[in-house]
Amino acid sequence: MNISCMIDCNCVILSMHFRYILLLFVICFHLFTANGKNNATITLHLNNLPKDTSSLIYISMGDSVYYYDTVGLSAAVIKLTVSNPFPVMIMANNLLPSNKVFWVHDGVYDVYYDMDTYKINVENSPLNNDFFSILNIRDSINYLSKAYRIRSWQAMDDFYRKKDTTAKARLDDANSFYKDNELEINRLDSLASDMEYQYYLEHNTSFLALDFIKYKLDCATLDKEKLKQLFAKLDKKLKKYPLYATCKKNLKNPYYVPPAQKGCVPSVQSE
């Protein structure tokens with residue numbers, strides 16, 4: 001899932017049916033293992049937990065839930081098996097503005113999440129360092145998209161979850177803001193994608209470069225020859241990921257027809 005299309009997943013979170021696949025339900029400090037072949041070890045640290053312990057925290061993507069806690073532990077270890085790295089969303093108390101994204105990958109690393117400010121930090125994870133760098137680059141360029149995201153998320157949360165009828169006007173205002181600035185948002189998004197491309201040319205060891213190639217190829221939003229040039233510069237260490245072979249095959253195939261993807265639309269960049 002490319003960085004520039006994550007907003008599509010984030011904005012539907014309020015309407016998700018909570019069909020939780022409880023891969024991990026925490027009652028105490030707990031380890032989750034999958035056939036004893038885990039290669040990702042994530043230590044989750046929660047700061048500023050509510051004093052009344054009425055907290056909910058979960059890490060998910062789509063219908064898959066990787067961590068779920070209603071007890072309010074300050075720390076927990078999650079172990080998962082990973083082939084291709086993938087993004088997940090962490091959310092506190094079902095509040096949309098609390099939603100943050102980070103990447104799950106092989107290795108041992110720490111995720112620090114503040115239950116009050118919703119700030120997130122990932123240590124010992126070069127991939128997540130790349131991810132947050134790209135987010136900052138895109139937000140600095142597409143400032144209109146960032147402004148829309150902040151306004152709409154808070155209004156959606158107030159209106160749909162809190163049932164605040166006065167928030168409907170703020171949500172309508174945010175949507176009008178997007179429509180009025182849509183052309184400029186799309187132009188800035190294109191500039192941000194160009195900067196992201198340049199970033200991966202210089203940071204060719206990142207799995208995110210592979211993810212970028214797949215997304216742009218499937219969505220046909222970047223010249224195929226440019227994608228081939230980027231792919232040729234990727235560090236060979238990335239060959240260990242199944243996505244490397246997929247990208248190589250699709251780039252070589254002159255008759256490759258991209259699959260239909262809901263995310264292949266001009267997006268309003270997300271965290």
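Trainee: What is the handedness of the crossing where α5 passes α7?
Mentor: α5 passes α7 in a left-handed crossing, meaning the near helix is turned anticlockwise from the far one by less than a right angle. This is a predicted model, where local features need pLDDT of at least 70, side-chain atom pairs count only at pLDDT 80 or more, and totals for chains, interfaces and linings use all residues. Residues are numbered from 1 along each chain as its sequence is written, and side-chain values use heavy atoms, with hydrogens and water left out.
Trainee: At what angle do the axes of α5 and α7 cross?
Mentor: Roughly 35°, and the axes of α5 (residues 207-219) and α7 (residues 242-252) come within 10 Å. Axes are lines fitted to C-alpha atoms over the stretch in contact, with angles from 0 to 180 degrees between N-to-C directions. Helices are DSSP runs of H or I, at least four residues, numbered from the N terminus.
Trainee: Which residues of α5 meet α7?
Mentor: F207, L210, D211, I213, K214 and L217. In α7 the partners include L243, Y244 and C247.
Trainee: New topic: are Y148 and Y178 buried or exposed?
Mentor: Both Y148 and Y178 are buried, that is, under 20% relative accessible area with a 1.4 Å probe, protein chains only.

Note on methods. Helices (H or I, at least four residues) and strands (E, at least two) are DSSP runs, numbered from the N terminus. Contact means heavy atoms within 4.5 Å. Buried means under 20% relative accessible area, exposed over 50%, partly exposed in between (1.4 Å probe, protein chains only).
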